[in-house]
Amino acid sequence: MGGFPQSPKESESTMGKDDWRKLLCPKCKQLKKTCTCKPEPSKSTVVKVGRETKGRGGKGVTIISDLLLDEKGLAELATKLKTRLGTGGSAKGGRIEIQGDQRDRIVAELEALGYRAKRAGG
Ligand SMILES: [Zn+2]
């Protein structure tokens with residue numbers, strides 16, 4: 001990469017504010033090693049996007065589970081997804097059901113919302 005050779009003294013002096021900032025937690029400003037901040041559970045857990053056809057006349061629904069949301073958050077997310085996908089669905093018992101097998105689209109929508117989502121089942 002050419003240029004000027006760096007003496008040990010020089011590289012030491014470049015350990016400036018920016019380098020220290022990388023070691024600090026953006027939330028509490030403590031060293032990341034020792035900080036106790038936890039990432040938001042709803043966004044750090046992998047959400048499972050599966051399918052269920054049993055007793056539904058073969059049509060099937062997409063089931064979104066492992067969402068660590070309360071009932072309100074669940075209902076809000078269900079509404080968002082239903083609007084985006086233009087389909088029906090419901091939120092109950094900690095899961096969201098969306099009409100039809102739309103796993104690929106739902107995984108994409110969840111990821112767009114900042115979740116980590118994984119397609120499950122066959
Ligand atoms: Zn922290």
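These legends describe close-up views of a predicted model. Residues are numbered from 1 along each chain as its sequence is written. In this predicted model, local features need pLDDT of at least 70 and side-chain atom pairs count only at pLDDT 80 or more, while totals for chains, interfaces and linings use all residues.

**View 1. Overall make-up of the protein.**
The secondary structure comes to five helices and five strands. Helices (H or I, at least four residues) and strands (E, at least two) are DSSP runs, numbered from the N terminus. From that end, the elements run α-α-α-β-β-α-β-β-α-β. Of the 122 residues, 18% are buried. A residue is buried if 20 or more other C-beta atoms lie within 10 Å of its own, exposed if 12 or fewer, and partly exposed in between, with C-beta atoms placed from the backbone. Two residues are in contact if their C-beta atoms, placed from the backbone, lie within 7 Å. Among contacts between residues at least 6 apart in sequence, 44% join residues at least 24 apart.

**View 2. The open sheet.**
Five strands form an open sheet with mixed pairing, in the order S3-S4-S2-S1-S5. Strand S3 (89-92) and S5 stand at the edges, each with a single partner strand, so one side of each lacks a neighbour in the sheet. Neighbouring strands are turned by 20 degrees against each other on average, direction ignored. Axes are lines fitted to C-alpha atoms, for helices over the stretch in contact, and angles run from 0 to 180 degrees between N-to-C directions.

Two strands pair if DSSP finds at least two bridges between them. S1 and S2 run antiparallel and are joined by five bridges. Here Lys48 stands opposite Ser65 in S2. S1 pairs with strand S5 (residues 116-119) in the parallel sense, over four bridges. Val46 stands opposite Arg116 in S5. S3 and S4 pair in the antiparallel sense over four bridges. Ala91 stands opposite Ile96 in S4.

**View 3. Helix H5 against the sheet.**
H5 packs on the sheet and touches S1, S2, S4 and S5. Its direction makes about 170 degrees with that of S5. Arg103, Ile106, Val107, Glu109 and Leu110 of H5 are buried. These residues cover an arc of only 165 degrees around the axis, which puts them on the same side of H5. The arc is that of the directions from the helix axis to the C-beta atoms. The buried residues of H5 pack against S1, S2, H4, S4 and S5. Exposed Asp104 and Ala112 sit on the face turned away from the buried side. Just after H5, Gly114 takes a positive phi of about 100 degrees.

**View 4. The largest nonpolar core.**
A nonpolar core is a set of buried Ala, Val, Leu, Ile, Met, Phe, Trp, Tyr and Cys residues joined through C-beta atoms within 7 Å. The largest has 17 residues, of which Val47, Ile96 and Ile106 touch the most other members. Strand S1 (46-52), strand S2 (61-65), helix H4 (71-85), strand S4 (95-99) and helix H5 (103-112) each supply at least two residues. H4 gives the most, with four. Not counting residues up to four places away in sequence, Ile96 touches Ile64, Leu67, Leu74, Leu77, Ala78, Leu81, Gly89 and Ala91.

**View 5. Lys118 in strand S5.**
Lys118 lies in S5. Lys118 is partly exposed, with 15 other C-beta atoms within 10 Å. Leaving aside neighbours within four places in sequence, Lys118 is in contact with Val46, Lys48 and Val49. The C-alpha atoms of Lys118 and Gly50 are separated by 8.6 Å, although the two residues are 68 apart along the chain.
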